[in-house]
Amino acid sequence: MEERHRRAWEKLALYPLTRPRGATGRHSPRRRARAPTRPAPSRAVPLSTEPARVDADPRRADEIARALRLAQEGRERELEHALRTLGFTRRLTPRALAYAAEYHAMRAAAGEHGHAPHAGCVCALDGALAPALLARARAALGPDARFWRETGYLGSSAPVGYFSYVHALSAPATSAMDELIARVRALIMPHFPLVSRARYAEWWAHNRAHGCGHQLHFDSDNEGDGGVRNPIASVVLFLSAAGGPTLVTQQTLASNALAPHGWLAYPRENRLVAFDGRLLHSVVPGRAAFATDRRRVTVMVAFWRDIRTRDPPSGAGAGAGAAGASALGPARSFPDPRAPGTPAWVADFAPLGAADGGLSDSEGGAGCGGEVRVAPVVPVRPVWLHVQPAAEEPGGGGTGGQASLALPPYDELFQGL
Ligand SMILES: O=C(O)CCC(=O)C(=O)O
Ligand SMILES: [Fe+2]
């Protein structure tokens, strides 16, 4: 791979985000692969089902939004033309961008063979949290939870960047988030045994409009500053069933090629999707055909053997607002509910305790009520198609060829955002 391409892909990992509004990924726009053309997403909170705009140039953003519509509607020929004009050379397969409803996607996938097995890469489980813990998680982080406004994730005119909280796994559970983390960890341990060596969990959350996606990215410590480091495993826990699926590909930062294989995991309340923390992943923008006013709310948990907690100098509060905004950032300690100045939302994370089925034993596994079931992930292969050069434009309705897997510059990939 050419060195400049390598650097662009590495920058991608320097990019963890909160993009409530923009729908980019865990990565701050200023660190995107091609910052001049992909600046900060608009601060406007997407409250509609409109796809998010992530391009600074409003005309280009409009054209990308139009291309997404073409992709979602299967208008291949117009799409190819639009993408060529925009300078994209590869595009996500219609399997992803025009994803079918989950049932149909599963049926279609079931008839195919030769997909990469997903074991060790990704797994999905339904019924992840016991009812009491799910209710607590929804009260604390559900679509209408005060967390979103108090932190400034939603409704704030001042930008709030990526922010996350770190919990030591050896410490006793003092919050519902500790209980959630213990539960999630116990559930994914059989699928990702290295998680048994994790000593910390980092969590963050997203609350997006249906049409908002999240760009392909690698989860990384401290937004990749000081070197990219991936977690052992990352988990997406759905608190609602809106928006597009999570796409996990087999590509890692060390890959010299685009991944041929990927998997789609569909949003469903209380579904957990866990994947190897090295893998490139994204959120596909929700299809207009399935539009809903409901929001796509997810809690992410990354498991780390080591991660440094990065607390601001004491005195700063833990929320947004005049005094507290500076306290938000990557890898903070979870606020102490008794500390002066702790924002009100922290109280929503009061622990359930064993009696309520929160953390019912040291593994958070037994007695949690409800049945946990393996949920489907839909294999996607190929992940990428070529945007045909003009001379080779297909006679119409072409599907584009499977893309050569040589790693192109990140910004040549059309992801619908
Ligand atoms: O919400 C999702 O499905 C995944 C989000 C994600 O990858 C992230 O926030 O790092
Ligand atoms: Fe991520």
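## The annotated stretch

Over residues 189-307, the chain is 37% strand and 0% helix. Helices (H or I, at least four residues) and strands (E, at least two) are DSSP runs, numbered from the N terminus. An unreviewed UniProt entry annotates residues 189-307 as "domain: Fe2OG dioxygenase". UniProt positions are given here in the numbering used for this structure, feature names are shortened, and annotations may be inferred rather than shown by experiment.

This is a predicted model: local features need pLDDT of at least 70, side-chain atom pairs count only at pLDDT 80 or more, and totals for chains, interfaces and linings use all residues. Residues are numbered from 1 along each chain as its sequence is written, while chains are lettered from A and ligands numbered from 1 in the order in which they are written.

## The open sheet

Eight strands form an open sheet with mixed pairing. Their order is S12-S3-S4-S11-S6-S9-S2-S13. Strands S12 (332-333) and S13 (373-375) are the edges, and each pairs on one side only. Two strands count as paired if DSSP finds at least two bridges between them.

S12 and S3 run parallel, with two bridges. Here Tyr 165 stands opposite Arg 332 of S12. Next, S3 (residues 165-168) pairs with S4 in the antiparallel sense, over four bridges. Val 166 stands opposite Glu 202 of S4. Then S4 meets S11 (residues 296-304), again antiparallel, through nine bridges. Trp 204 has Met 300 of S11 as its bridge partner.

## Strand S4, inside the structure

A residue is buried if 20 or more other C-beta atoms lie within 10 Å of its own, exposed if 12 or fewer, and partly exposed in between; the C-beta atoms are placed from the backbone.

In a regular strand, side chains alternate between the two faces of the sheet. In S4, Tyr 200, Glu 202, Trp 204, His 206 and Arg 208 point one way. Ala 201, Trp 203, Ala 205 and Asn 207 point the other way. All of them are buried.

## Helix H3 and its buried face

Helix H3 spans residues 76-86, and its buried residues are Glu 76, Leu 79, Glu 80, Ala 82 and Leu 83. Seen down the helix axis, they fall within an arc of 170 degrees, so they line one face of H3. The arc is that of the directions from the helix axis to the C-beta atoms. An α-helix has 3.6 residues a turn, so residues three or four places apart point the same way.

What do the buried residues of H3 pack against? They pack against helix H2 (58-72), strand S1 (90-92) and strand S16 (413-414). Contact means that two C-beta atoms, placed from the backbone, lie within 7 Å. Just after H3, Gly 87 has a positive phi of about 90 degrees.

## Backbone details in the loops

Asn 270 is not a glycine, yet its phi is positive, near 70 degrees. Asn 270 lies in the loop between S8 (262-265) and S9 (272-276). Asn 270 counts as buried because it has 22 C-beta neighbours inside 10 Å.

Ala 331, also not a glycine, has a positive phi of about 60 degrees. Its loop runs between S11 and S12.

The peptide bond from Arg 381 to Pro 382 is cis, with omega near 0 degrees. Pro 382 sits in the loop between S14 (378-380) and S15 (384-386).
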